[in-house]
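Dear colleague,

Please read them with the model open beside you.

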Amino acid sequence: MKTLIASALIATAALTGTAYATTSPSVDRDAQYIVPGADFSNLSTADVHFINNIVHGNGSNGEKRAQIKSFLQ
């Protein structure tokens, strides 16, 4: 019985991890707050990660806004 439960938990964790890994990343909501009206469509996965790193990095919102705007141009 314990083996069955353990197997079910492992299978669930494996399937959940796979499903999560196959979803495409999205731009953090804070980016919309920092740069309202910015067009974040048609970004590659690398672009999304780059913008999210800016959002969660050091600096004021003004500095982050300037970096994101510069990147999107």
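On one side of helix H3 (residues 45-55), Ala46 and Asn53 are exposed, where exposed means over 50% relative accessible area, buried under 20% and partly exposed in between, with a 1.4 Å probe and protein chains only. The buried residues of H3 are Val48, Ile51, Asn52, Ile54 and Val55. Seen down the helix axis, these buried residues fall within an arc of 155°, so they line one face of H3; the arc is taken from the directions from the axis to the C-beta atoms. They pack against helix H2 (29-34) and H4. Helices here are DSSP runs (H or I, at least four residues), numbered from the N terminus.

This is a predicted model, in which local features need pLDDT of at least 70 and side-chain atom pairs count only at pLDDT 80 or more, whereas totals for chains, interfaces and linings use all residues. Residues are numbered from 1 along each chain as its sequence is written, and side-chain values use heavy atoms, leaving out hydrogens and water.

Within helix H4 (residues 61-72) lies Phe71, which is partly exposed, with a relative accessible area of 30%. Not counting residues up to four places away in sequence, Phe71 touches Asp47, Phe50 and Ile51, contact meaning heavy atoms within 4.5 Å. Phe71 and Ile51 are 20 residues apart in sequence, and their C-alpha atoms are 8.3 Å apart in space.

As for confidence, the mean pLDDT (the predictor's confidence in each residue, from 0 to 100) of the protein chain is 83, and 71% of its residues reach 70 or more. Among the elements of the chain, H4 has the highest mean pLDDT (94) and helix H1 (residues 2-22) the lowest (62).

With best wishes

How values were computed
Helix = DSSP H or I, 4+ residues; strand = E, 2+ residues; numbered from the N terminus.
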